[in-house]
Amino acid sequence: MHIYKPEQEPAVRSLGPENLLLKGATLKNTKKIYGVSVYTGMETKMALNYQGKSQKRSAVEKSINAFLCVYLCILISKAVVCTTLKYVWQSKEGQDEPWYNQKTQKEKDTFMYLKMFTDFLSFMVLFNFIIPVSMYVTVEMQKFFGSFFIKWDNDFFDPEIKEGALVNTSDLNEELGQVEYVFTDKTGTLTQNNMEFIECCIDGFQYRQRDVRSELDGFTVTDGPVHKLQPKAGVEKEELFLRALCLCHTVQVKEAGSEETLGDRLDGMLPKPEEERGFIASSPDEVALVKGAMKYGFTFLGLENKKMKIRNRQNDIEEYSLLHVLNFDPVRRRMSVIVQTRSGETLLFCKGADSSIFPRVRPEEVDRIRLHVERNATEGYRTLCVAYKQLTAEEYMVAETGLQDARLALQDREEKLMAMYNQLETGMSLIGATAVEDRLQEEAAETMEALQGAGMKIWVLTGDKMETAKSTCYACRLFQRGTELLELTVRTLEDGRSKREERLLELLRDYHKRAVQDAPPVRTGVVTRSWCGSQEYGFIIDGATLTLVMNPPRDADASLYRSLFLQICQNCTTVLCCRMAPLQKAQIVKMVKNSKGSPITLSIGDGANDVSMILEAHVGIGIKGKEGRQAVRNSDYAIPKLKHLKKLLLAHGHLYYVRIAHLVQYFFYKNLCFILPQFLYQFFCGYSQQPLYDAAYLTMYNICFTSLPILAYSLLEQHICIEILLDNATLYREIAKNAMLRWRPFLYWTLLGIFQGLMFFFGVRFLFSNPALQDNGQVFGNWSYGTIVFTVLVFTVTLKLALDTRHWTWLNHSAIWGSLAFYVFFSFFWGGIIWPFLKQQRLYFVFANMLSSVSAWLVIIILILLSLLPEILLMVLRKPRGPLSRQKKPGQSNVGGIPSSQSSARPLLMRTFSDESNTVILTDGCCHTSLLQASEGALLTGAVGWDHQSSLTSADLHPLRFNKTQQRFQLESHDSKSHKTAPSRHFLL
Amino acid sequence: MKNEGESSERPDNTAFTQQRLPAWQPILSAGIVIPGFLIIGLAFIGIGIGLFLTSQTIQVLEGPVFFYYGLSNYYQNFRKYGVSTDYYQLSGDTQYFKSPQDSCSPYSYDSQNKPIVPCGAIANSFFNDTFELYQIINGTKKLVPLDGKGIAWWTDYNIKYRNPTLVNGSLANAFDGTSKPLNWPRPAYELDLTDQNNNGFLNQDFLVWMRRAALPQFRKLYRRITEGDYAAGLPAGNYSLTVHYNYQVLNFDGQKKIIFSNVSWMGGKNDFLGIAYLVVGSLCVVMSVVMLIVYAKFKFSEDDV
């Protein structure tokens with residue numbers, strides 16, 4: 001962009017992605033801007049995303065389609081059978097055209113095959129009611145109204161953001177009850193994305209922020225906000241580090257008043273409480289760092305006219321002019337600023353992930369700090385390293401022009417910038433490292449445990465470091481003590497002996513052998529897995545290795561790699577994928593989704609980087625987190641907190657699935673036993689397409705007489721009440737793999753329908769062997785026959801539903817009894833009047849006459865009872881395996897158990913054993929057992945009183961942990977209740 | 001945007017929205033089912049015995065005796081046959097006397113193209129055999145009086161079917177310009193020569209015929225024997241039945257039969273219901289016993305645990 005100003009040389013500025021204002025951006029700090037709108041209309045993200053979303057179809061709908069095909073076949077075969085038999089029957093002399101029923105001339109002239117065809121079509125019309133068209137309407141209604149219950153649920157209401165759950169689609173309610181794989185983001189989903197500065201390490205010395213929350217380590221009580229450790233770093237180093245923290249960021253200060261009087265603060269007369277100062281940044285880490293620096297005495301005051309102001313410990317204002325910001329990006333994993341001090345020095349401050357900083361600083365500095373960084377990472381903190389570099393004037397000039405050129409380049413701008421950045425960020429000196437804690441979400445561990453108890457496999461997909469992610473997994477009890485970790489990362493690949501590809505294959509084969517072949521043949525899904533006995537596996541892979549697995553150098557291996565990888569993953573309870581790019585997340589979801597058995601996947605995330613995986617999975621859940629609304633907008637359901645996922649799946653999902661599955665089966669069943677008597681009647685009426693029921697009954701059956709009870713059922717049924725569902729996560733497994741809509745239950749329902757249809761028809765058929773059913777000797781005709789069958793039918797299918805209803809609210813009562821009453825009322829009404837618009841008064845007084853016959857009453861009663869008898873019997877005999885036995889032994893199945901409130905409040909306590917001690921790496925597989933033993937020994941002797949605040953050496957790392965576990969143990973032993981409910985703590989004994 | 005606006009409010013905390021409506025949760029426990037089955041079974045056996053005995057006591061000899069004619073392999077339930085009628089004619093609408101509905105075809109017009117009233121296959125195939133029953137007492141025939149009243153549904157006779165309004169006090173004039181159905185010996189207004197009120201569409205035999213049978217083997221009520229010496233039933237003795245054979249059944253392998261029967265509260269003789277009740281009743285009793293055994297065992301083993 002060229003800028004022309006009067007009396008000046010045209011200046012050239014670059015326009016990049018950072019200049020793009022996305023939809024929803026708000027203007028601040030300036031009154032107006034000039035802009036050009038790009039990407040409008042159909043090119044907006046919203047419009048582009050729109051198409052992909054509406055294509056999610058639930059597994060239930062697939063089942064419906066399959067069943068529909070079966071019923072279509074039944075329909076066609078019925079029509080074919082009837083047509084064939086009709087012509088066979090007619091071939092007999094005198095049957096085709098008896099004298100009392102002669103054909104018109106036109107009928108006689110019709111070509112034979114044409115007649116057959118029209119007969120076939122007539123049968124199709126006659127039997128078409130077997131296809132439950134009204135089911136689609138009911139299903140849609142059920143989904144639409146049903147989704148309100150999620151929205152209305154008070155448990156999903158979060159008082160902080162004053163919002164409840166949001167339902168973006170009602171198509172997938174039942175899918176919530178079918179989830180087999182949960183893909184979760186880490187930051188903001190498992191963790192709160194609420195960063196807190198925990199400690200820093202300057203020049204190898206540890207500085208720890210102490211506050212009330214860390215009372216668990218409370219050996220030393222400190223009075224000041226900053227506790228300095230005994231040998232401490234030099235003051236210059238300390239201040240340099242804190243300055244770096246204050247300068248190297250893109251945080252903006254949000255003042256309470258618009259223009260704070262700087263003078264006041266300069267005098268120090270008005271000490272504004274710093275805590276009230278608001279910071280705004282794209283990344284919460286940066287805010288945490290700036291706030292952390294503030295606690296140590298360096299306050300960032302804001303950026304004005306390219307000048308960054310800092311108040312140092314002496315309450316002096318330091319000013320730095322900001323020359324360049326080398327933005328953060330996920331590839332470089334670091335960011336830098338170039339500032340100029342008042343004295344004219346040009347400094348480059350850089351902060352970033354250890355892996356990206358360490359190679360760029362002097363090696364001798366690394367060792368002292370690496371220790372802290374690694375320890376912090378295993379503790380579950382997010383670590384950043386800070387480095388700086390002094391630029392000479394010449395160096396700066398080179399950098400300046402280089403950056404300018406790169407920014408203005410129209411081609412390969414990214415690459416050129418990257419090269420320039422890399423060139424600049426070399427030869428730095430390392431000052432220190434920071435540790436920021438991202439606290440776990442409320443009840444994250446309970447939620448994850450409940451989901452695992454429900455048989456779901458949880459995959460954590462994160463962009464974070466492996467160590468950080470791993471400890472989060474431990475904290476969330478995704479990995480437990482007994483979990484054997486299979487690691488497939490760059491680290492395990494590079495053991496120096498063989499090539500990466502070979503090593504990868506070797507590892508894959510080995511893990512496959514362990515997790516798949518050696519494991520006892522366990523069928524997941526319908527068969528409940530005994531998960532206490534068998535070995536659990538956890539799998540860890542990182543982005544780079546995943547790329548290698550997905551796109552191996554030789555294409556021929558691709559399928560082998562993938563299938564090995566998938567099989568391993570499928571046998572692991574938890575899979576952790578770290579260092580993932582957003583697209584890789586979607587790639588993984590897609591791979592699992594398309595794997596054998598096409599399992600139902602659920603993605604949950606809160607940020608824009610999760611959108612791709614949310615869109616890819618069968619069910620996408622957005623968390624109304626801190627990272628904007630993008631995930632929420634693209635999700636199918638949005639919930640305020642992770643903990644709500646438990647109720648959403650275990651209660652709502654389960655219920656919706658049971659409801660809709662029952663609804664579908666019931667609809668097919670009731671239409672089958674509706675139309676079967678009509679089919680059978682053809683054998684008794686010379687295959688003449690004579691309907692058994694009156695047209696009004698045919699039409700009203702699905703619309704009025706039997707639709708409301710099932711709708712009420714499908715909205716209100718709670719076959720197991722919500723509390724029990726939440727307490728017993730294993731109940732979820734009973735409906736896994738579409739259990740209620742598989743072929744077996746479908747066959748059961750179909751057989752039931754056939755049985756009842758036969759009952760209805762032949763029961764009345766035998767009664768009509770003497771049609772004189774009234775006490776005055778008068779006889780009943782064909783419409784009476786049909787009406788008796790229909791009455792039995794309506795009562796039976798409604799009472800069948802009544803038998804299935806486990807949760808009778810007044811709505812169910814009114815729907816069921818109301819429908820039956822309506823049927824009786826309607827029949828009286830329909831038969832009570834000579835309808836002027838009807839050509840034939842076929843049903844006139846038929847119903848009333850029927851009721852005047854005792855025999856009709858008796859046959860109706862016995863047929864209803866007989867039809868329901870097998871159902872009642874099954875129900876009684878099935879009882880012992882029902883919820884009764886479940887309640888008997890809650891201790892065993894109670895996995896999602898009583899929520900123990902403590903654990904998530906103190907998540908770090910759960911991080912006891914070293915990750916390495918469980919990790920299986922081929923090269924040091926033998927030593928992990930010895931480590932375990934060592935740790936037990938340490939526990940026995942009780943290494944109490946270890947001063948973990950002194951500087952640590954690598955050998956001391958483990959005792960520190962034992963110390964913690966020891967304390968934890970003491971804590972736990974007082975609290976026997978939480979002891980019972982959290983199996984992960986048992987190892988301490 | 002609307003969604004966000006709504007959800008920013010706290011959801012209603014009502015029993016309905018929170019899915020906490022008070023509900024009755026029935027549990028079919030053995031304690032209910034076993035006695036239930038037993039009671040139902042016993043009740044059914046009771047009803048079954050009653051039905052069966054009633055059905056067995058239905059005989060010819062106790063009055064009033066009902067006289068049925070039966071046809072087999074006769075499909076009154078053909079669809080084409082069933083629609084081949086014109087209700088408007090039968091409700092006395094003379095407008096339709098001139099142009100019967102198409103559904104009556106090929107029984108709408110005769111060879112002179114005069115409209116047939118009543119048109120259609122059902123009316124045309126009206127059963128026109130007549131019967132006379134004699135008791136033979138000492139070699140002499142004594143006519144048993146047959147009562148043709150009250151054999152059709154009350155509503156058919158009084159409401160559903162109507163004769164056309166009389167023209168010049170004569171029913172025959174109302175049928176002017178129409179032709180009798182081909183198979184009929186006499187036109188509709190002369191169906192019953194003895195009783196003027198039993199003519200036209202309100203002829204009871206005609207009404208009985210017009211109510212189509214459900215199955216190809218059916219019986220229809222012909223007469224009741226309610227008068228004179230026979231009101232209490234047909235006394236034992238020799239009887240002779242004279243059949244005026246008009247109705248063709250042989251060419252479609254049909255059969256005709258005559259049934260004399262009395263009826264009870266449950267209608268005509270039918271063993272099916274009684275047997276069905278007995279079977280289901282005893283089934284219920286047996287099952288309750290089986291369940292009791294199973295339950296006892298189950299409970300026993302439960303105690304062991």
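Predicted model: local features only at pLDDT ≥ 70, side-chain atom pairs only at ≥ 80, totals over all residues.

Trainee: How many helices and strands does chain A have?
Mentor: Chain A has 38 helices and 24 strands.

Trainee: And what share of chain A counts as buried?
Mentor: 57% of its 989 residues.

Trainee: What about contacts in chain A between residues 24 or more positions apart?
Mentor: Those make up 75% of the chain A contacts with a separation of 6 or more.

Trainee: Which residue does UniProt list for "active site"?
Mentor: Asp185(A), and the entry is unreviewed. That annotation may be inferred rather than shown by experiment.

Trainee: Where does Asp185(A) lie?
Mentor: In strand 4 of chain A, residues 181-185.

Trainee: Buried or exposed, Asp185(A)?
Mentor: Asp185(A) has 4% relative accessibility, so it counts as buried. The cut-off for buried is under 20%.

Trainee: What does Asp185(A) touch?
Mentor: Leaving out residues up to four places away in sequence, its contacts include Lys585(A), Asp606(A) and Asp610(A). Leu190(A), Leu461(A), Ile604(A), Gly605(A) and Met613(A) are also among them.

Trainee: Switching topic. Where is Ser688(A)?
Mentor: Ser688(A) sits in the loop between helix 23 (644-681) and helix 24 (695-705) of chain A.

Trainee: Is Ser688(A) buried or exposed there?
Mentor: Buried, because its relative accessible area is 7%.

Trainee: Which residues does Ser688(A) touch?
Mentor: From chain B, Asn77(B), Phe78(B) and Arg79(B) are among its contacts. From chain A, they include Lys86(A) and Gln682(A). Again, residues up to four places away in sequence are not counted.

Trainee: How far is the C-alpha atom of Ser688(A) from that of Cys82(A)?
Mentor: 9.0 Å, with the two residues 606 apart along the chain.

Trainee: How much helix is in each span?
Mentor: Residues 27-53 of chain B are 89% helix and 0% strand, with the end C-alpha atoms 38 Å apart. Residues 275-296 of chain B are 100% helix and 0% strand, and their end C-alpha atoms lie 31 Å apart.

Trainee: What about Asn262(B), where does it lie?
Mentor: In strand 6 of chain B, residues 255-262. Asn262(B) is buried, because its relative accessible area is 7%. Beyond residues up to four places away in sequence, Asn262(B) touches Ile58(B), Gln59(B), Glu62(B), Pro64(B), Val65(B) and Phe66(B).

Trainee: Now helix packing. At what angle do helix 25 and helix 29 of chain A pack?
Mentor: About 165 degrees, with the axes 8 Å apart. Angles over 145 count as roughly antiparallel, so helix 25 and helix 29 of chain A are roughly antiparallel to each other. Their crossing is left-handed.

Trainee: Which residues make that contact?
Mentor: Helix 25 of chain A brings Leu708(A), Pro709(A), Ala712(A), Tyr713(A) and Leu716(A). Helix 29 of chain A brings Leu811(A), Asn812(A), Ala815(A), Ile816(A) and Ser819(A). By class, the contact of helix 25 with helix 29 has 8 nonpolar, 2 polar and no charged residues.

Trainee: And how do helix 7 and helix 9 of chain A cross?
Mentor: At roughly 140 degrees, with their axes coming within 8 Å. Helix 7 and helix 9 of chain A are therefore oblique to each other. This crossing is left-handed. Leu242(A), Leu245(A) and Cys246(A) of helix 7 meet Leu289(A), Val290(A) and Ala293(A) of helix 9. That contact has 6 nonpolar, no polar and no charged residues.

Methods
Residues numbered from 1 in each chain as written. Chains lettered and ligands numbered in written order. Heavy atoms only, no water. Axes fitted to C-alpha atoms, helices over the stretch in contact; angles between N-to-C directions. Helix = DSSP H or I, 4+ residues; strand = E, 2+ residues; numbered from the N terminus. Parallel < 35°, antiparallel > 145°, perpendicular 65-115°, else oblique. Left-handed = near helix turned anticlockwise from the far one by under 90°. Contact = heavy atoms within 4.5 Å. Nonpolar A, V, L, I, M, F, W, Y, C, P; charged D, E, K, R; others polar. Buried < 20%, exposed > 50% of the residue type's maximum accessible area, 1.4 Å probe, protein only.
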